[in-house]
Amino acid sequence: MQFSDFKTPEDLKDYLDKPFHHIRQSVFHYTNLNALVQIFNGKKLKASTFEKTNDILEEDFLIEEVKQKKFMCFMKTRIDNYGMWAMYGGLKKENDENPKLEDFCVKIEFPVDMLKKFIENHNLKANLIAYTDLHSERKGKIYFCGTVTNSQNINLDKELLSGYVKDVIWKNEEELRIWFNNDFEEIDDEFLSSLKIIPNPLYTVEDYKKILRQNNVSEELINKMNFEKNKYYNTYRPK
């Protein structure tokens, strides 16, 4: 079945519950250098909660059971997203002699094969997110999921689709959501070595390594991080 053929909320949920049918090689997670250090130091991925998300509209659509759940978000699209860079550290040059790790964003590339093993080993669940208008008379009329669109009028079933639908203003995220059982889920050295770390487009790999050293991050830990040059480096002019 094609996304455009969906006519019921059950059709939509079934599609979203099979995320790796629609993702090829990698997904991406934007965060800051401090969180990156915690991932490598602790060999754990940290879950988020809905009270910490930036989407207040989704909160209104959640049932109580889902509001209590923990999760981690990823993006399907490989293309750099300046909006995400701005939200997770800012797109500006920092000239501070004592830079804070929280002020510098990274994009982490996660291979799908490793994520699938991670989900299986920890008995987790994952789904894609669909996007629709959640706050006007057009509510639930059109759904988006990546490059596919549904123009049928699917009933916006809150009980069924809670945790599966966000407002259309966020559709550029093309989100994959993994539901955690705990606040942290452990990962191993093989998982860590598979990750690619991409700096903010205003900085080089060496810039980021210098910032890590200025914050007393050990060379041993830095050497475990597989940094890769941002291909959009020096293509953005900060205001």
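A residue is called buried when its relative accessible area is under 20%, exposed when over 50% and partly exposed in between, with a 1.4 Å probe and protein chains only. The structure is a predicted model, in which local features need pLDDT of at least 70 and side-chain atom pairs count only at pLDDT 80 or more, while totals for chains, interfaces and linings use all residues. Residues are numbered from 1 along each chain as its sequence is written, and side-chain values use heavy atoms, with hydrogens and water left out.

**Figure 1. Overview of the protein, with its 10 helices and 13 strands.** The radius of gyration of the protein is 19 Å, close to the 18 Å that the globule rule gives for 239 residues, so the protein is as compact as a globular protein of that length; the radius is taken over C-alpha atoms, and the rule is 2.2 Å times the number of residues to the power 0.38. Helices (H or I, at least four residues) and strands (E, at least two) are DSSP runs, numbered from the N terminus. Along the principal axes, the C-alpha atoms fill a box of roughly 55 × 45 × 30 Å, and buried residues make up 47% of the 239 residues. Of the contacts with a separation of 6 or more, 80% come from residues 24 or more positions apart, where contact means heavy atoms within 4.5 Å.

**Figure 2. Close-up of the salt bridge between Glu-175 and Arg-177.** The side chains of Glu-175 and Arg-177 meet at 2.8 Å, N to O, a salt bridge being a side-chain nitrogen of Lys or Arg within 4 Å of a carboxyl oxygen of Asp or Glu. Both partners are enclosed by the protein in the sense defined above: Glu-175 is buried, with a relative accessible area of 2%, and Arg-177 counts as buried at 1%. Salt bridges that share partners join Glu-58, Lys-166, Glu-173, Glu-175 and Arg-177 into one network, and a search of the whole structure finds 13 salt bridges.

**Figure 3. Close-up of two salt bridges with partly exposed partners, Asp-189 with Lys-43 and Lys-18 with Asp-14.** In the salt bridge of Asp-189 with Lys-43, the N to O distance is 2.9 Å. Asp-189 lies in helix 8 (residues 189–194) and Lys-43 in the loop between helix 2 (33–42) and strand 2 (44–46), so the pair ties together parts that are 146 residues apart in sequence. Asp-189 is partly exposed at 45% relative accessibility, and Lys-43 is likewise partly exposed, with a relative accessible area of 31%. In the salt bridge of Lys-18 with Asp-14, the closest N and O atoms are 3.4 Å apart; Lys-18 is partly exposed at 36%, and Asp-14 counts as partly exposed at 41%.

Figure 4. Just after helix 6, Asn-123 takes a positive phi of about 55 degrees.

**Figure 5. Close-up of the aromatic cluster formed by Phe-74, Phe-110, Phe-118, Phe-180 and Phe-191.** Rings of Phe, Tyr and Trp (its six-membered ring) pair if their centres lie within 6.5 Å, with planes under 30 degrees apart counted as stacked, over 60 as edge-to-face and the rest as tilted; by this rule the count comes to 11 aromatic pairs. The rings of Phe-118 and Phe-191 have their centres 5.7 Å apart and their planes at 55 degrees, so the pair is tilted. Phe-118 lies in helix 6 and Phe-191 in helix 8, so the pair ties together parts that are 73 residues apart in sequence. Phe-118 is buried, with a relative accessible area of 4%, and Phe-191 counts as buried at 4% relative accessibility.
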